Amino acid sequence: MEYMANSDRYNKMIYRRCGRSGLKLPAISLGMWHNFGDVTPFSNCREMMLGAFDLGITHFDLANNYGPTAGSAEESFGKVISGELKGYRDELVVSTKAGYYMWPGPYGEWGSKKSLVSSLDQSLKRMKLDYVDIFYHHRPDAETPMEETADALAHLVRQGKALYIGISNYSPEQTARMIELLDSKGVHLLIHQLSHSMLGRQNEPVYDVLEQKGVGSIAFSPLAQGLLTDRYLNGIPEDSRAKGRSVFLTEASITPEKMHKVTALNDLAQERGQALSQMALAWVLQRATSVIIGASRLQQIVENCKTIENTAFSKEELEKIEQILNG
Amino acid sequence: MDYSANSDRYNKMVYRRCGKSGLKLPAISLGMWRNFGDVSSLTNGREMILGAFDLGITHFDLANNYGPCAGSAEETFGKVLSEELRSYRDELVISTKAGYYLRPGPYGDWGSRKYILSSLEHSLKSMNLDYVDIFYHHRPDPDTPMEETAEALAQVVRQGKALYVGISNYSPEQTARMIDILNGMGVHLLIHQLSHSMLGRQNEPVYDVLDQKGVGSIVFSPLAQGILSNRYLHGIPEEPRSKSRQGLCSESCITPEMMIKIEALHDLAQERGQGLSQMALAWVLQRATSVIIGASRLSQIRENCQSTENLAFSKEENDKIDAILNG
């Protein structure tokens, strides 16, 4: 199949500078956490990836353990980047991560140099790449000296296996410390990947550190596992994530109080001429450089990208959102 | 031959953090000083390597001159690694060393940059590896400035040819100095490999430096060349090492006074429900991160691994051991 990228793709997306750096990221990035593994039809993965690129999404976010099965999202990506997207490598920002459990034994997770170096080597092989654009430490490791993790990340930059470095799931204090350690090695922390949504605001203090230090941000779970969509407005559909076996969204977590808020937010979104999910993404983009969206169908990506048609909030709208969320 | 590692392997071994670092080592590591060279059977060498991994031994300790003949242990390991253990590379911590006599001429020994860099190149080729996990300077060199040796070690880390560096046989003062010099180059000394056993305690002051600086330790000759096993309990048997020319333990070192100590230790080990060798390993593990065992048969490795079933010593037991050793 010959693929020619949509020549209009760069007129559709907004690109935003990632902290004080030279790199711009699309406001909407595609996360390959779920639905890109080898239990999903590859034809659908490819359609979503190419469709996303046609919409101006230049950033694809992966990790060593994305799938399922673990590692297979990188393999799916490797197939497309060495196939249809072969001529477009330099238009893409590809990220991967190491930190969560990936292989058995004492070296398959956390933050040792041993684990990070060998994991990135594995990822590059699966993705058929010489380097990734961003390599993340996926979660802090309380038992490994942060110096070693920083040293490993700096080493991978010097080796050219990663252009930039990120961290994920670090607390504000851990973030500040890692920024300083990397600085002392001559490496600037590019980005922090954190969970953030209207229904999950516990990480907001992280932004304060990032802004002060000129580090960019990218938010995952901006739709709170799908709660901030119109999917659950009229009860829990049979084929939804909440009805399934997901540990990330359970039926019990969808309380009447939460649904009351979601309904009020949905009304506000309609006033703004947006779907609830679009308003939820736009809301996160007030603080984050980019938001990561997941998808199981290309149509969802198309819908989410329409967010950028209205990312501005009036003071009144923001106050109303606060009222709803705190109500 | 198809090899599939024992899926239970990580439930059998204890893993211990190597100083203040991200790397964990198995309590028992396999040393390839003897019995893995080209004068030994490759079949037996392979059986021991694979059998050790099946027991959860993730660390294999080599040096450029291990054999005999010198260098052939690395070749043996390289063969097994590129065949049966091929897909397990990232579960293994592989070390090698340079510092003792390897080849004729002024560049085949000691601690010059010239020798150290060329030796590691050669080791990587012999083992079919891109990098080793730990690279050691095998013994201090009084005639080469320690700065030059340190710079060579730091360089192999920067080049990615070694993830971590270690030293071996350094005195407490030399150790402290090397730690400082490496620190000045931005490299943390991971580990010191030292000789230590109930019958050879001269290096204990080294631990004080290591503990203070957050450096891990691994011990060789924990069984005092086999004296701390039940081998010599009933006199000197015909075949083992003390009768053969290659051993370091001569008949003369097994004095009647020594035999009294060994018998008393043996009795204590039995009270603990262990063999003498198992107690001797456990005793060393009170201070060391890991102990290196040698072996000529897989069954010895199995028996040694059982020492992890009882690593704790009561104060009374330790006092009794000191009384026996000083008696």
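**Figure 1. Helix H10 of chain A in a predicted model.** Of the 12 residues of H10(A), the number buried is 0, so this helix lies largely in the open; a residue is called buried if 20 or more other C-beta atoms lie within 10 Å of its own, exposed if 12 or fewer, and partly exposed in between, with C-beta atoms placed from the backbone. Helix H10 of chain A covers residues 315-326, and at 1.5 Å a residue its 12 residues should span 16 Å, which agrees with the 16 Å that separate its end C-alpha atoms; the expected span is 1.5 Å times one less than the number of residues. Helices (H or I, at least four residues) and strands (E, at least two) are DSSP runs numbered from the N terminus. Because this is a predicted model, local features need pLDDT of at least 70 and side-chain atom pairs count only at pLDDT 80 or more, whereas totals for chains, interfaces and linings use all residues. Residues are numbered from 1 along each chain as its sequence is written, while chains are lettered from A and ligands numbered from 1 in the order in which they are written.

**Figure 2. Chain B as a whole.** Chain B has 10 helices and 10 strands. The radius of gyration of chain B is 19 Å, close to the 20 Å that the globule rule gives for 327 residues, so chain B is as compact as a globular protein of that length; the radius is taken over C-alpha atoms, and the rule is 2.2 Å times the number of residues to the power 0.38. Taken along the principal axes, the C-alpha atoms of chain B fill a box of roughly 50 × 50 × 40 Å, and 46% of the 327 residues count as buried. Among contacts in chain B between residues at least 6 apart in sequence, 76% join residues at least 24 apart, a contact being two residues whose C-beta atoms, placed from the backbone, lie within 7 Å.

**Figure 3. The barrel of chain B and its strand E10.** In chain B, a closed barrel of 8 strands runs E3-E4-E5-E6-E7-E8-E9-E10 with parallel pairing, where two strands pair if DSSP finds at least two bridges between them. The twist averages 30° from one strand to the next; axes are lines fitted to C-alpha atoms, for helices over the stretch in contact, and angles run from 0 to 180 degrees between N-to-C directions. Strand E10 (residues 290-293) of chain B is joined in parallel to strand E3 (residues 28-31) by 3 bridges and to strand E9 (residues 216-220) by 2 bridges. Val291(B) stands opposite Ile28(B) and is also the bridge partner of Val219(B). In a regular strand the side chains alternate between the two faces of the sheet. In E10(B), Ser290(B) and Ile292(B) point one way and Val291(B) and Ile293(B) the other way, and all are buried.

Figure 4. A closed barrel of 8 strands in chain A runs E3-E4-E5-E6-E7-E8-E9-E10, with parallel pairing. Strand E7 (residues 162-168) and strand E8 (residues 189-195) of chain A pair in the parallel sense over 4 bridges, with Gly166(A) opposite Ile191(A) in E8(A). Helix H3 (residues 113-127) of chain A lies across strands E5 (93-98), E6 (132-137) and E7 of that chain, running at about 140° to E5(A).

**Figure 5. Backbone geometry in the loops.** Most residues other than glycine have a negative phi, and most peptide bonds are trans. The peptide bond from Pro68(A) to Thr69(A) is cis, with omega near -5°, and Thr69(A) is found in the loop between strand E4 (59-61) and helix H2 (72-81) of chain A. In chain B, a cis peptide bond with omega of about -5° joins Pro68(B) and Cys69(B), and Cys69(B) lies in the loop between strand E4 (59-61) and helix H2 (72-82). Lys128(A), in the loop between H3 and E6 of chain A, has a positive phi of about 55° although it is not a glycine, and is partly exposed, with 16 other C-beta atoms within 10 Å. Ala224(B), which is placed in the loop between E9 and helix H7 (256-271) of chain B, has a positive phi near 50° and is buried, with 20 other C-beta atoms within 10 Å.
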